[in-house]
Amino acid sequence: MTRLLTLCEVTWMTALSRSAVYALMAGSRFSKPIRIGSRAVRWVEQEVLDFIASRPRGGSERPAA
């Protein structure tokens with residue numbers, strides 16, 4: 001079953017601000033939402049999870065000083 005997320009859920013899951021989400025979308029680096037009404041959109045949860053998984057992780061992946 002496909003779960004659809006609100007912008008609030010997307011920003012919480014990704015730790016990105018609303019403007020950062022829209023900036024990434026403008027640069028085609030974040031999935032576009034699905035329009036579910038004249039003024040309502042939702043993001044596919046799996047696409048958001050894929051975006052999160054594709055991001056570099058901090059910590060051990062940083063080069064040694």
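This is a predicted model: local features need pLDDT of at least 70, side-chain atom pairs count only at pLDDT 80 or more; totals for chains, interfaces and linings use all residues.
Biologist: Which pattern does the protein chain follow along the sequence?

Modeller: The protein chain has three helices and three strands. Helices (H or I, at least four residues) and strands (E, at least two) are DSSP runs, numbered from the N terminus. Read along the sequence, the pattern is β-α-α-β-β-α.

Biologist: What percentage of the residues of the protein chain count as buried?

Modeller: Buried means under 20% relative accessible area, exposed over 50%, and partly exposed in between, with a 1.4 Å probe and protein chains only. The protein chain has 65 residues, and the part of them that counts as buried is 22%.

Biologist: Why do the buried residues of α1 line one face of the helix?

Modeller: The buried residues in α1 are Leu7, Val10, Thr11 and Thr14. Cys8 and Trp12, on the other side of α1, are exposed. The arc is that of the directions from the helix axis to the C-beta atoms. In α1, the buried residues line one face because, seen down the axis, they fall within an arc of 95°.

Biologist: Is Thr11 buried or exposed?

Modeller: Thr11 lies in helix α1, residues 7–14. Its relative accessibility is 19%, so Thr11 counts as buried.

Biologist: Which residue has the backbone oxygen that the side chain of Thr11 reaches?

Modeller: A polar contact is a pair of N or O atoms within 3.5 Å; within protein, one must be able to donate a hydrogen and the other to accept it, and residues adjacent in sequence count only if both atoms are side-chain atoms. For the side chain of Thr11 the distance is 2.9 Å, and the backbone oxygen belongs to Cys8.

Biologist: Which residues is Thr11 in contact with, leaving aside its neighbours within four places in sequence?

Modeller: Contact means heavy atoms within 4.5 Å. With those neighbours left aside, Thr11 is in contact with Leu16, Ser17, Arg18 and Val21.

Biologist: How is α1 placed relative to α2?

Modeller: Axes are lines fitted to C-alpha atoms, for helices over the stretch in contact, and angles run from 0 to 180 degrees between N-to-C directions. Angles under 35 degrees count as roughly parallel, over 145 as roughly antiparallel, 65 to 115 as roughly perpendicular and the rest as oblique. The axes of α1 and α2 are 9 Å apart, and the two helices pack at an angle of about 90°. Therefore α1 is, relative to α2, roughly perpendicular.

Biologist: Which residues in α2 do Leu7, Val10 and Thr11 in α1 meet?

Modeller: Leu7, Val10 and Thr11 are buried residues of α1. In α2 they meet Arg18, Val21 and Tyr22.

Biologist: How are α1 and α3 placed relative to each other?

Modeller: Their axes come within 10 Å and cross at roughly 20°. The contact is made by Val10, Met13 and Thr14 of α1 and by Val48, Leu49, Phe51 and Ile52 of α3. α1 and α3 are therefore, relative to each other, roughly parallel.

Biologist: What covers the buried residues of α2?

Modeller: In α2, residues 18–26, the buried residues are Val21, Leu24 and Met25. They line one face of the helix because they fall within an arc of 100° seen down its axis. Ser19 and Ala26, on the other side of α2, are exposed. The cover includes α1, β3 (41–44) and α3 (45–54).

Biologist: What is the phi of Ala15?

Modeller: Ala15 is in the loop between α1 and α2. At 69% relative accessibility, Ala15 counts as exposed. Although Ala15 is not a glycine, its phi is positive, at about 60°.

Biologist: Where is Ser28 found?

Modeller: Ser28 is exposed, with a relative accessible area of 63%. Its phi is near 60°, a positive value in a residue other than glycine. Ser28 is found in the loop between α2 and β2 (34–35).

Biologist: Which side chain makes a polar contact with the side chain of Glu47?

Modeller: Glu47 is in helix α3, and at 36% relative accessibility it counts as partly exposed. Not counting residues up to four places away in sequence, Glu47 touches Ser31 and Lys32. The polar contact of its side chain, at 3.3 Å, is with the side chain of Ser31.

Conventions. Residues are numbered from 1 along each chain as its sequence is written. Side-chain values use heavy atoms; hydrogens and water are left out.
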